[in-house]
Amino acid sequence: MTTSIVLFNRDLRVHDHPALAQAVRQSERVVPLFVLDDRITKAEHTSPNRLQLLVNALHDLRASLRSLDGDLIVRRGDLPTEVMRIAQDTDASVLWSSEDVSPFARRRESSLREACRVAGLELRLTPGVTIVAPNELQTSTGTPYRVFTPYWRSWSAAPRREVEPVPQHVPLGDGIDPGEIPDPDVLSPGPRSLRLPRGGEAAARAQLSALLSQPPADDDSIEGSSRLGMAIHFGCLSPREVEATLQSEPGYVELLRSLCWRDFYHQFTANQPNTTTSDFRPRGIPWRRDIELERAWKEGVTGYPFVDAAMRQLRQEGWMHNRLRLVVASILTKHMGIDWRVGAAHFNRWLVDGDVANNTANWQWVAGTGTDSRPNRILNPVRQARRFDPRGDYVRRYVSELASLSVGQIHEPWLLDPTHLSQLGYPERVLDHEAAAAAFREGVRSAKV
């Protein structure tokens, strides 16, 4: 009897799962496996938010597999050790898994490959985390893309794999203890956001259906995001299936571009793995440490309402719109002059869709050390607020102290009488935009001398 293991990682679904589909087609017995890797659950910067959603997704995946006569086998510990133990117990000959790109994923894949070699287990890696494989597209000179626009053109024209159907039957067989899915509080007792969505494939597919039932959102609206990032990060939705679905619907070009940006940053990280911790383009920027400024930024008390609303939303919901991510990153790096790695770590701690490739590449883009062709651009938080929150509704929702202010006051409360501002319980600005931006530019110029 041919037995295959399907190792789930960031692909927690049964729809369009190439590894699962191929294992079912080619094997008489299929063992779906997820290993709670202690190197992740016990890491210093582990996100309690994402661990809770991961547990949701595992329960959902188990239910889906059981409906197909299978099950999800769950183990906890060192990943290669647990995989080899299951392989020995089931007499498996093949291990299927989806490729990933982060430095951690690549190191784990290398360890798994070596363990498979020693055990005589065949390792077969499939696509599934991205739409186009990270090393599939190259420039005319044979190098990876570092600029988005030409990548977008090449990506749009690249061939696509077919979307895989859900297997009709997952033949697990008897005799395997499925194991317990632990409680998220046991995995990570740290504080988490109070208003988290439900994780898992069923909730994600319902979310996609709801999105398609409404007219496409205005591209300039910070209220109109698809919020599919979390589901795609955990693989509860296949990015390839989402793309195929959106291509059949009018008006979703910007969402398709977002999927392309995700692939772009994944191929960038695959080819430049050190950029998750080091500057891609070192510019000698004199980053500083200022604990009080960092605290004001993290807690949403900078005195800039648009920024503070976003940072409070992050704490409450584990999410903020991409436009807001750019604005708050700009004020941290190019107004406060604080290292982008501080911001990236905070985002990684709270974001439900926190993804190593996207998170660090976006932070470097804003900080001027990444792929941006205009590294000295600085976003004006007031101008951004007036464009994307013209009536102040977003600010009022998350900065309740300012709910009584008029449209003309809410984005610049420092223009109020100081006594009035104090009575509202809202802080003074921690810095002046124009002065801080000028100081940052001068620091960059000085670093080049």
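Which side chains meet in a salt bridge at 3.7 Å, N to O? The legends below take that up first, then move on to other close-ups of this predicted model.

**Figure 1. Aspartate 37 and arginine 108 pair up in a salt bridge.** The side chains of aspartate 37 and arginine 108 meet here, with an N to O distance of 3.7 Å. Aspartate 37 sits in strand β2 (residues 29-37), while arginine 108 belongs to helix α5 (residues 103-119), so this pair ties together parts that lie 71 residues apart in sequence. Both partners, aspartate 37 and arginine 108, are buried. Zoom out to the whole structure and you'll count 32 salt bridges.

**Figure 2. Arginine 341 reaches aspartate 339.** This salt bridge comes in at 2.9 Å, N to O. What about accessibility? Arginine 341 has a relative accessible area of 28%, so we call this residue partly exposed. Aspartate 339 has 17% relative accessibility and therefore counts as buried, given that buried means under 20%.

**Figure 3. Arginine 429 and aspartate 432 form another salt bridge.** Here the N to O distance is 3.3 Å. Arginine 429 is partly exposed, at a relative accessible area of 28%. Aspartate 432 is partly exposed too, with 33% relative accessibility.

**Figure 4. Helix α14 meets helix α17.** Two packed helices are described by the angle between their axes and the distance between the axes. For helix α14 (residues 322-335) and helix α17 (residues 381-388), the axes come within 11 Å and cross at roughly 170°. With angles over 145 degrees counting as roughly antiparallel, that is why α14 and α17 are described as roughly antiparallel to each other. On the α14 side, the contact is made by Arg323, Val327 and His335. From α17 come Pro381, Gln384 and Phe388. Sort the contact residues of α14 with α17 by class and you get 3 nonpolar, 2 polar and 1 charged.

**Figure 5. Two buried cysteines, cysteine 236 and cysteine 260.** How many disulfides does a search of the whole structure find? The search turns up 0. Cysteine 236 has 3% relative accessibility and so counts as buried. Cysteine 260 is buried as well, with its relative accessible area at 0%.

Notes
Residues numbered from 1 in each chain as written. Predicted model: local features only at pLDDT ≥ 70, side-chain atom pairs only at ≥ 80, totals over all residues. Heavy atoms only, no water. Disulfide = S-S within 2.5 Å. Buried < 20%, exposed > 50% of the residue type's maximum accessible area, 1.4 Å probe, protein only. Salt bridge = Lys/Arg side-chain N within 4 Å of Asp/Glu carboxyl O. Helix = DSSP H or I, 4+ residues; strand = E, 2+ residues; numbered from the N terminus. Axes fitted to C-alpha atoms, helices over the stretch in contact; angles between N-to-C directions. Parallel < 35°, antiparallel > 145°, perpendicular 65-115°, else oblique. Contact = heavy atoms within 4.5 Å. Nonpolar A, V, L, I, M, F, W, Y, C, P; charged D, E, K, R; others polar.
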